[in-house]
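Biologist: I am new to this structure and would like to go through it slowly. Could we take it one question at a time?

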Amino acid sequence: MTTRYGVLLGLILLIGLLATPARAQVNVNIHIGEPPPIIVQSPPTMILMPEPQMYVAVGVPYDIYFVSGRYYYLHGGHWFWGPRYAGPWTYVAVQELPPGLRKFKVKELHHYREREYRVYRAAGPSFGGTYFVAEEREHPGEGHGKGKGHGKGRGNGNEQ
């Protein structure tokens, strides 16, 4: 008879387990955190790269780009955006980057940056390309940078 009670108890437990709805949840949170602060002697010069049609900071050891009124910073393989060249920075997924930044590989962006920076350095004060000097304020004047280009509306920082 004890076998009968054991089987019966086993069936009751089995029915109890099967009758309980499964409530499995998976919750994954990844917090990248803010990158270290950008420290430069003076606001960086942002040069328009004609090929990807965006501005890039030159003469600084940071990957900072200016596209559609926002600064984008690549640090440790992660992208961040901010209202100023020094942040504050907010993590942005690659899928949410502007098309220009998504379209090009980082290696290509570096190639375009170095090419334009060589021209800028060689030309000195007579540089005829489009550029502006970034400002620390979020909304300086009309654009997002202080115009330093040579005429034709250059340097307001609103180009893409």
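Modeller: Let us begin with a definition: a residue is buried under 20% relative accessible area, exposed over 50%, and partly exposed in between, with a 1.4 Å probe and protein chains only. This is a predicted model, in which local features need pLDDT of at least 70 and side-chain atom pairs count only at pLDDT 80 or more, while totals for chains, interfaces and linings use all residues. Residues are numbered from 1 along each chain as its sequence is written, and side-chain values use heavy atoms, with hydrogens and water left out.

Biologist: Is Ser68 buried, partly exposed or exposed?

Modeller: Ser68 is found in the loop between β3 and β4, where strands (E, at least two residues) and helices (H or I, at least four) are DSSP runs numbered from the N terminus. Its relative accessible area is 45%, so Ser68 counts as partly exposed.

Biologist: How far apart in space are Ser68 and Met54?

Modeller: In sequence, Ser68 and Met54 are 14 residues apart. From C-alpha to C-alpha, the distance between Ser68 and Met54 is 8.4 Å.

Biologist: Which residues touch the most other members of the largest nonpolar core?

Modeller: A nonpolar core is a set of buried Ala, Val, Leu, Ile, Met, Phe, Trp, Tyr and Cys residues joined through side-chain atoms within 4.5 Å. The largest such core has 19 residues, and the elements that give two or more residues to this core are β1 (45-49), β2 (54-58), β3 (63-67), β4 (70-75) and α3 (106-123). A second, separate core of 16 residues includes Met46, Leu48, Tyr55 and Tyr71. In the largest core, the members that touch the most others are Met49, Met54, Tyr65, Tyr72, Trp79, Leu101 and Leu109.

Biologist: What is the arrangement of the rings of Phe80 and Tyr91?

Modeller: Phe80 lies in strand β5 and Tyr91 in strand β6 (residues 90-92), so this pair ties together parts that are 11 residues apart in sequence. Phe80 is buried at 2% relative accessible area, whereas Tyr91 is partly exposed at 40%. With ring centres 6.1 Å apart and planes at 75°, the pair of Phe80 and Tyr91 is edge-to-face.

Biologist: Where around α3 do its buried residues lie?

Modeller: The buried residues in α3 include Leu109, Tyr112, Arg113, Glu116 and Tyr117, and on the other side of α3, Lys107, Arg121 and Ala122 are exposed. The buried residues of α3 are covered by elements including β1, β2, β3, β5 and α2 (99-103). Taking the arc as that of the directions from the helix axis to the C-beta atoms, the buried residues named in α3 cover only 130°, which puts them on the same side of α3.

Methods. Rings of Phe, Tyr and Trp (its six-membered ring) pair if their centres lie within 6.5 Å; planes under 30 degrees apart count as stacked, over 60 as edge-to-face and the rest as tilted. Contact means heavy atoms within 4.5 Å.
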